Amino acid sequence: MVFGVAGVPTNYKGKFEGVFPWLKSMGLNGFEIQCTYGFKISEDRQEIIKKLNGEFKFSIHAPYYINLGSLNSQVVARSKGNMKQGIELAKSLNINRIIFHPGGGHENTPQGRDNAINQLIAAINEFTAELDMGDVRIYPEIGGKTANLGSLDEIIEICSRCKYCYPCIDIAHLHAREIGSLTSKEILKQKLMQIKNAIPDKFKYIHFHAYTIDYGNKGEIKHLMHGCNMPDGRPGMPNLDDFVAVLKEMNIEPWVISEALDSQEQGAKYMHDLFVK
Ligand SMILES: [Zn+2]
């Protein structure tokens, strides 16, 4: 069971190493390292992470500029190199989950998306064949905007055709890109069953991001604070109680990271406490 945060929460003030006891005091044991601007972690932090690894479960979020589905072959080549760097970094720290965005920049038509997904899959299969992956798994994440690659079907397809890919299901992104689809526990369960049926061997290593989100007709607008209502006054969506209930009903071993705006630890604690109740 892993419940945790994405990066050092803004509510935490203090030294990096102090964030872990602070999270632990809330029952949390997950930390997704945000390599937003590059697969770089200072030596000091690497030492801290190595010491805590095991007691804490670490994952790494790849830089946002990685774009394996781009139409620009230079961007793809650079992204492949970056991913290889990230995999070596993960291996050296004994971390076995890297989360990345499939990207965009393709034509947003069925044909354009197909081409981009095929290219992305070819790129992934190339760079993963060129190095020893150890036990590192790489996780394409559901994209929040309709124009992004990373629909549920696309994530399933990538995971079906790439040996080392596993699904990162960001339920907020899924809800946003499908313009508010996760309106009930049953629908959420159906979506997860769809993944389980398509890629059963990979399902048990599923990775989640869960928080509430504001969206419009192009998908994601912004992450919301934990416990806050939607701008129109409805309770925050997707519903985290439903999400935790589905985890339990489906006997999923959870690895859940909260990306709630300025309140990740509160969102993670909320889901953790519901899960263990
Ligand atoms: Zn992400």
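## Close-up views

**View A. Y270 and the residues it touches.** Leaving out residues up to four places away in sequence, Y270 touches H226 and L240; touching, or being in contact, means that the two C-beta atoms, placed from the backbone, lie within 7 Å. This is a predicted model, in which local features need pLDDT of at least 70 and side-chain atom pairs count only at pLDDT 80 or more, while totals for chains, interfaces and linings use all residues. Residue numbers start from 1 along each chain, as its sequence is written. Y270 has its place in helix α10. Helices here are DSSP runs of H or I with at least four residues, strands are runs of E with at least two, and both are numbered from the N terminus. So is Y270 buried or exposed? With 21 other C-beta atoms within 10 Å, Y270 is buried. The cut-offs: 20 or more other C-beta atoms within 10 Å of a residue's own make it buried, 12 or fewer make it exposed, and anything in between is partly exposed, with C-beta atoms placed from the backbone. Follow the chain and Y270 and M26 are 244 residues apart, yet in space their C-alpha atoms are 9.7 Å apart.

View B. Strands count as paired when DSSP finds at least two bridges between them. One to look for is E32, whose bridge partner in β3 is S59.

View C. How many of the residues of β1 are buried? The count is 5 of its 5, so this strand is mostly covered. On one side, 3 bridges join β1 to β2, and V5 stands opposite F31. On the other, 4 bridges join β1 to β10; here V5 stands opposite S258, and V2 has W255 as its bridge partner. β10 also pairs with β7 (residues 207-209), over 2 bridges in the parallel sense, with F208 partnered by V256.

View D. D170 counts as buried because it has 26 C-beta neighbours inside 10 Å. Which residues is D170 in contact with, leaving aside neighbours within four places in sequence? They are E141, I142 and H209. D170 and A210 are 40 residues apart along the chain, and their C-alpha atoms are separated by 6.0 Å.

**View E. The largest nonpolar core, with 73 residues.** A nonpolar core is a set of buried Ala, Val, Leu, Ile, Met, Phe, Trp, Tyr and Cys residues joined through C-beta atoms within 7 Å. Those with the most contacts inside this one are A62, I98, L120, I171, A210, F243 and M271. Helix α4 (residues 110-129) gives the most to the core, with 7 residues. F243 touches I171, L188, A210 and P238, not counting residues up to four places away in sequence. In soluble globular proteins, nonpolar side chains tend to be buried together.

**View F. Two helix pairs, α3 with α4 and α7 with α9.** Helix α3 (residues 73-93) packs on α4 at an angle of about 40°, with the axes 10 Å apart. That makes α3 oblique to α4: under 35 degrees would be roughly parallel, over 145 roughly antiparallel, 65 to 115 roughly perpendicular, and the rest is oblique. V76, K80, M83 and K84 of α3 meet A123, E126 and F127 of α4. In the other pair, the axes of α7 (residues 185-198) and α9 (residues 240-249) come within 9 Å and cross at roughly 50°, so these helices are oblique to each other too. Here K185, L188, K189 and L192 of α7 meet D242, F243, A245, V246 and E249 of α9.

Conventions. Axes fitted to C-alpha atoms, helices over the stretch in contact; angles between N-to-C directions.
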